[in-house]
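Q: Can you walk me through this one? I'd like to start with the strands.

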Amino acid sequence: TWTDLTQQPEDPIFKLLNECIADSDPSKINLSIGAYRDETGKPWVLPVVQKAKQILLSDPASNHEYFGLDGNRSFTEASARLILGQDSAAMKDKRVTHIQAVSGTGAVRLGADFLAKFRPGTVYITNPTWGNHPKIFAASHLKVVEYNYWDGKTRTIAYDTLLDNLNTAPVGSIFVLHACAHNPTGLDPTHDQWKQIASIMKERQLFPFFDCAYQGFASGDLDRDAWAVRYFVEQGFELLVAQSFSKNFGLYSERTGCLTGVFADKETTVKAHSQFCALVRCSISNAPGFGAKIVDIVLKDAALTKEWKENLKTMANRITLMREKLFEHLKKMETPGIWTHITSQIGMFSYTGLTLAQVAAIKSKFHVYMTDEGRVSMAGLNESNVKQFAEAVDWVVRN
Ligand code: LMR
């Protein structure tokens, strides 16, 4: 009998998305899931992705054969270079291994399974964080501890709490670090703060596991967004990086990702690679081909890479513009409260500071869908709905 089979509540982000899809009100605003929308509110297939698709389609040699367990190696190598740098010394020293994963989620899960097996420890995640983080690490049977990352009063990083946790976590613990554009707060440590974080982590032998889902969205510059990961590698850390190409290539449903490991020496790296492959074999056998082929076509061609960077800027700039517009509307209406964080936060999200009750009220009165914690996917805003959203916020904080 199915004694322990209980009804699992729906995943909050997908539940919200489904509720929004089901809402027939024409004025609804979807600010739920982190997926880019163009200025007409439609999903955007990046022009460079369209081109890469044409190239793939017209290649007579293209086929649907299996790649190895580690996936499309040309893609994973390009992916590792994108985050570690084109001239990565660790890559030259053969201390880096990479394996294709089922987007960022699959890469985090693969890394979590690997750590659970070969380097178990308590996993520290920020509170708030992406809702799936605690679930993934728990599914890998790792103990998960949350710590405050957001100071609601100042609407900045709770940096002292972060340092406290680094200083008091058991030696050897794992820290999940958002490489850039922290989800959901849009707040990243400064370079000096990263340096201090790295120094404590080194002293206390804490293991960095970077989740990199938004490279290109924080500053609009891929290298600048990779700064923290590269700094940690330069400081001699062994680490893991999970990369997603869902957002920066708009390949959401193609599940395109990579797990990269940097290790102390070549021997460990070779062994780690074999274990990555073993874990992949018994879960997905090997990751899907299409999205990885698209990214590979773009990254190995200088002109297409240049175009991709422009496409990325189009997305990042439109989001920045929406931050400014939203802020302007709130300012004009003299909406009670401080709203400067709308423009100072970075990446795809704005962490508004609205309460659970306010989020619910906005949803029922204005058909605006944002996550319970008050996170807004800024890409859901455009010239036609930003004022309407600002008015909803204004109403809710005054009532
Ligand atoms: C999000 O945070 O909205 C995205 O990362 C999508 C997801 O899978 O939750």
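A: A definition comes first: two strands pair if DSSP finds at least two bridges between them. Helices (H or I, at least four residues) and strands (E, at least two) are DSSP runs, numbered from the N terminus. This is a predicted model: local features need pLDDT of at least 70, side-chain atom pairs count only at pLDDT 80 or more, and totals for chains, interfaces and linings use all residues. Residues are numbered from 1 along each chain as its sequence is written.

Q: Which residue in S10 stands opposite Ala101?
A: Gly257 does. Seven bridges join S2 to strand S10 (residues 256-262), and the two run antiparallel.

Q: What is the strand order in the open sheet?
A: The order is S2-S10-S9-S8-S7-S3-S4. That is seven strands, with mixed pairing.

Q: Which strands stand at the edges?
A: Strand S2 (96-102) and strand S4 (144-148). Each has a single partner strand, so one side of each is left without a neighbour in the sheet. On average, neighbouring strands of this sheet are turned by 25° against each other, direction ignored.

Q: Which helix lies across S2 and S10?
A: Helix H11 (residues 266-281), which runs at about 10° to S2. Axes are lines fitted to C-alpha atoms, for helices over the stretch in contact, and angles run from 0 to 180 degrees between N-to-C directions. Contact between two residues means C-beta atoms, placed from the backbone, within 7 Å.

Q: New topic. What are the domains?
A: The assignment gives domain 1 (12-45 + 317-398) and domain 2 (73-300). Such bounds come from an automatic or database domain assignment. The centres of domain 1 and domain 2, taken over C-alpha atoms, are 28 Å apart.

Q: How many residues does each domain put into the contact?
A: Domain 1 gives 19 residues and domain 2 gives 19 residues. On the side of domain 1 that touches domain 2, the largest share, three residues, comes from S11. The residues of that side divide into 10 nonpolar, seven polar and two charged.

Q: How are those classes set?
A: Ala, Val, Leu, Ile, Met, Phe, Trp, Tyr, Cys and Pro count as nonpolar. Asp, Glu, Lys and Arg are charged, and the others, Gly among them, are polar.

Q: And which residues are around the ligand?
A: Ile13, Ile33, Gly34, Trp130, Asn132 and Asn183. A residue is near a molecule if its C-beta atom, placed from the backbone, lies within 6 Å of it. The shell has three nonpolar, three polar and no charged residues.

Q: Why does the ligand lie between domain 1 and domain 2?
A: Because both domains give residues to the shell around the ligand.
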